[in-house]
Amino acid sequence: MPKGYVAINVERCKGCGFCVEFCPTHVLAMSSAFNSKGYHPPHVVNPDKCTGCDLCGMYCPDFAIYGWKAAESRNGAKRDAAR
Amino acid sequence: MPHADPKGVLTGVHFMDGDHAACEGALAAGARFAAGYPITPSTEIVERFAARIPTVGGVFIQMEDELAASIAIAGAVWAGAKAFTVTSGPGFSLMMEHIGFAAMTETPCVFMNVQRGGPSTGLPTLPAQADMMQARWGSHGDYEIIALSPNSPQECFDLAIRAFNLAEEFRVPVMLMMDECVGHMTEKVIIPPAEQIEIHPRRHTRLPPGEYKPFAPGPDLVPEMVHAGEGYRFHITGLTHDERGYPSMTAAAQDRLVKRLKAKITRAADRLACYEADGIEDAEVVVVSYGITSRVAQRAVEMARARGAKVGRLRLITVWPFPTRQLRALAPHIKAFVVPELNLGQIVLEVERAAAGQADTISVPHAGGGVHDPQQILDAIMEVLK
């Protein structure tokens, strides 16, 4: 069971790669797929390593990715407060 | 402590004003980045910095406003520079948010405020000391800063260096609270050789990435920083955060963080207390002053002594944290504190709090735009002794 999860909004991504670069547990990699704007979004390659720390969400300039801990709801109070 | 980098030190005997001396102090302290939105009467500081920095090696940016200037220095600090910004009243008001940000993120930086008359646009070319409370309380939330108040161009140089050293030691924004008179007063300034200037280096961690926690405090409650670009990756946020720098918005995390931000300064208050005392041992009245007003007060004290009055003089050099304990110890031995300042009564409130009813506290206010007539201060002294 992973400790957390990430969600990726592929269409918002412009492929900067910050989330891949900064993920402390190397959960993400750039995919070879394209979104409709022609960018490569990230995809999850090591789902079991995700801690749901949301560092990816804090770094993402485009609100295209976010993480949450397994113990929390996906749209729970933590995300609402973390502005 | 290591010594100053000779590249930034203009060793010699100079005839310069307080603004230029403050700039030289910053350069001697190792400041290699300044951002500002130049404003009278502080303009000469950044003007000189902009002229000098190409020969020393660094960057000055004239920003679009004071908000941008004050947050640019935070970025420069985390990128590895020693950085400062310079302003006066209206600009200082705009910088308040980022003073709080620097306090919350423990970003060592220096804010120089050459005070002029206010509120609002006020008196751009004339002196005041009416931002003293703003320096301490201007940003929202609970935090502590350090504020120093020079009364001569020489001290502008010396205290600028001290401001940078204290910023690095405590990882806190430090205010250099000048005033228009001190800023534009031209006097002899001696800049010593670099090897006689002690510089507090940035507190860099020895822990490798992975083990390092950006906001885990040491025994003196101050955490260590990293060299940017060496693989340490963390998030710096104004949100209440835990030791790893992750937002942690709970009462417990808030209690831990904000109490530490305050305690790291208040615990060192005795060591930070810095003042010049003269004749306070057998005094019946002690005149407490700072900045340009201290020089007017000195004249008033001399006039009072010529009339046989037992008057002492206490000049605050560190204004924040306020030397409460030191003044409280003095209070039972005197009749009154007399507090002249170029505002309608700010630091006098701190003196009154410190006196705690053991001595009277007399305010000698001045709305700014000039300095006191020594006679006004003398009258207040003689009134107490009547």
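Me: Leaving aside its neighbours within four places in sequence, which residues is B:A26 in contact with?

Reply: Bear in mind from the outset that this is a predicted model. With the neighbours within four places in sequence set aside, B:A26 is in contact with B:A31, B:F84, B:A160 and B:F164. B:A26 itself lies in helix α1 of chain B, which covers residues 18–29, and in space its C-alpha is 9.5 Å from that of B:V9, a residue 17 positions away in sequence.

Me: Is B:A26 buried or exposed, and on what grounds?

Reply: The idea is to count the C-beta atoms around a residue, and 20 or more others within 10 Å make it buried. B:A26 has 31 other C-beta atoms within 10 Å, so it counts as buried.

Me: How should I read a helix as a whole, and what is the reach of α6(B) from its first C-alpha to its last?

Reply: One compares the end-to-end reach with the span expected from the residue count, and then asks how the helix is surrounded. Helix α6 of chain B, residues 153–170, has 18 residues and reaches 25 Å, close to the 26 Å expected at 1.5 Å a residue. Just after α6(B), B:R171 takes a positive phi of about 50°.

Me: Which residues of α8(B) are buried, and what do they pack against?

Reply: As a general point, an α-helix has 3.6 residues a turn, so residues three or four places apart point the same way. Helix α8 of chain B, residues 251–266, has 16 residues and a reach of 22 Å, close to the 22 Å expected at 1.5 Å a residue. In α8(B), the residues B:L261, B:K264 and B:I265 are buried, and the buried residues of this helix pack against α4 (89–104), β7 and α6 of chain B.

Me: Which members of the largest nonpolar core touch the most other members?

Reply: In soluble globular proteins, nonpolar side chains tend to be buried together. Here the largest nonpolar core has 116 residues, and those touching the most other members are B:A22, B:F84, B:A160, B:L176, B:V287 and B:V338. The helix α6(B) gives the most to this core, with 10 residues, and the core draws at least three residues from each of domain 1 (6–196) and domain 2 (274–385) of chain B. Apart from this core lies another, of 16 residues, among them A:C23, A:M58, A:I65 and A:W68. As for B:V338, its contacts beyond four places in sequence are B:V285, B:V287, B:I362, B:V364, B:I377, B:A380, B:I381 and B:V384.

Me: How far apart do the centres of the two domains of chain B lie, and how many residues does their contact take from each?

Reply: The C-alpha centres of domain 1 and domain 2 of chain B lie 26 Å apart, and the contact takes 22 residues from domain 1 and 22 residues from domain 2. On the domain 1 side, the largest share, four residues, comes from α5(B). By class, that side of domain 1 has 15 nonpolar, four polar and three charged residues.

Me: What do the overall dimensions say about chain B?

Reply: Chain B has 13 helices and 15 strands. Its radius of gyration is 21 Å, close to the 21 Å that the globule rule gives for 386 residues, so chain B is as compact as a globular protein of that length. The C-alpha trace of chain B spans about 70 × 50 × 40 Å along its principal axes, and buried residues make up 51% of the 386 residues. Of the contacts in chain B with a separation of 6 or more, 78% are between residues 24 or more positions apart.

Me: Finally, how many residues of chain A are in contact with chain B?

Reply: Six residues of chain A are in contact with five residues of chain B, and the chain A side divides into six nonpolar, no polar and no charged residues.

Note on methods. Residues are numbered from 1 along each chain as its sequence is written. Chains are lettered from A and ligands numbered from 1 in the order in which they are written. This is a predicted model: local features need pLDDT of at least 70, side-chain atom pairs count only at pLDDT 80 or more; totals for chains, interfaces and linings use all residues. Two residues are in contact if their C-beta atoms, placed from the backbone, lie within 7 Å. Ala, Val, Leu, Ile, Met, Phe, Trp, Tyr, Cys and Pro count as nonpolar, Asp, Glu, Lys and Arg as charged, and the others, Gly among them, as polar. Helices (H or I, at least four residues) and strands (E, at least two) are DSSP runs, numbered from the N terminus. The expected span of a helix is 1.5 Å times one less than its number of residues. The radius of gyration is taken over C-alpha atoms; the globule rule is 2.2 Å times the number of residues to the power 0.38. A residue is buried if 20 or more other C-beta atoms lie within 10 Å of its own, exposed if 12 or fewer, and partly exposed in between; C-beta atoms are placed from the backbone. A nonpolar core is a set of buried Ala, Val, Leu, Ile, Met, Phe, Trp, Tyr and Cys residues joined through C-beta atoms within 7 Å. Domain bounds come from an automatic or database domain assignment.
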